[in-house]
Amino acid sequence: MGAQWKAKGKDLVANAKGKMFTKLVKEITVAARNGADPATNARLRLVVEQARKVSMPKDTLERALKKGSGVGDDATHYERVIYEGFAPHQVAVMVECLTDNVKRTAPEMRVLFRKGQLGTSGSVAWDFDHVGFIEAAPAAAGADAETAAIEAGAQDLEPGEEEGNTLFITAPADLDLVSRALPAHGFNVLSAKLGYKPKNPVDPTSLSAEALEEVEAFLAAIDAHDDVQEVYVALAG
């Protein structure tokens with residue numbers, strides 16, 4: 001949970017794919033500003049590969065590329081904004097947004113943070129490391145994640161979101177390099193992105209069941225906002 005918070009509950013699965021496409025379209029649009037050719041744009045290549053792995057329709061992908069590169073009448077400019085603060089019970093949170101209207105998003109974030117505490121820039125960022133996250137699955141039984149991490153140049157690793165997967169953690173500048181190296185060491189890359197890892201995550205067992213429920217309700221409300229790309233929370237597990 002500390003690396004990247006994910007909403008829980010089977011009732012959320014139905015909307016998950018549509019929201020994933022929306023987030024990826026925004027990421028592709030932003031990345032394409034630095035060139036619409038994935039062969040020469042490492043950041044764009046990583047996002048496009050992720051979009052293809054989740055079966056994004058080709059026309060959706062092409063529209064996103066055109067929007068970002070300024071081709072056509074529907075060129076769109078998204079701005080990446082980070083909101084920092086605390087969930088209830090002083091659990092540190094970093095919220096990454098992509099928005100085409102900061103004047104709309106900012107007051108909406110202030111409202112959502114009323115049950116917590118919205119901080120200023122840098123107020124909690126000092127307690128997070130900026131890293132690369134690579135979710136990967138073993139290509140064959142017996143693939144050793146620790147050996148792959150060392151050989152591919154990852155800094156650390158931990159269990160992935162799905163059982164059997166591994167989350168490889170890299171320096172931000174090494175994200176693309178490690179992503180390209182992992183297949184040669186027995187792991188298929190499922191996703192690769194930059195994000196924030198808490199340095200001192202709170203042990204959820206230190207919170208009462210009621211307090212933990214309040215934290216998760218707060219995070220769910222934040223995550224449901226259309227402009228929110230990722231929610232990083234200093235909560236272990």
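Let's begin at the start of helix 4. There, a side-chain oxygen of N101 comes to within 3.1 Å of the backbone nitrogen of K103. Keep in mind that this is a predicted model.

Now the helix itself. Helix 4 covers residues 102-112, and its buried residues are T105, A106 and M109. Looking down the axis, these buried residues fall within an arc of 100°, so they line one face of helix 4. In general, an α-helix has 3.6 residues a turn, so residues three or four places apart point the same way. What do the buried residues of helix 4 pack against? Three strands: strand 1 (79-87), strand 2 (91-99) and strand 8 (228-233).

Next, the aromatics. The structure holds four aromatic pairs. One of them is F113 with F218, and it is edge-to-face. The centres are 5.4 Å apart, with 75° between the planes. F113 sits in the loop between helix 4 and strand 3 (117-118), and F218 in helix 7 (residues 209-223), so the pair ties together parts 105 residues apart in sequence. Both F113 and F218 are buried.

Then there is F133 with Y232. Their ring centres are 6.5 Å apart and their planes at 20°, so this pair is stacked. F133 is in strand 4 (residues 128-138) and Y232 in strand 8, so parts 99 residues apart in sequence are tied together. F133 is buried, at 4% relative accessibility. Y232 is buried too, at 0%. With Y196, F133 and Y232 form one aromatic cluster.

Last stop: S179, in helix 6 (residues 175-181). Is S179 buried or exposed? Buried, because its relative accessibility is 8%, under the 20% cut-off. Leaving aside residues up to four places away in sequence, S179 touches L46, I134, V189 and A192.

Notes. Residues are numbered from 1 along each chain as its sequence is written. This is a predicted model: local features need pLDDT of at least 70, side-chain atom pairs count only at pLDDT 80 or more; totals for chains, interfaces and linings use all residues. Side-chain values use heavy atoms; hydrogens and water are left out. Helices (H or I, at least four residues) and strands (E, at least two) are DSSP runs, numbered from the N terminus. Buried means under 20% relative accessible area, exposed over 50%, partly exposed in between (1.4 Å probe, protein chains only). Contact means heavy atoms within 4.5 Å. The arc is that of the directions from the helix axis to the C-beta atoms. A polar contact is a pair of N or O atoms within 3.5 Å; within protein, one must be able to donate a hydrogen and the other to accept it, and residues adjacent in sequence count only if both atoms are side-chain atoms. Rings of Phe, Tyr and Trp (its six-membered ring) pair if their centres lie within 6.5 Å; planes under 30 degrees apart count as stacked, over 60 as edge-to-face and the rest as tilted.
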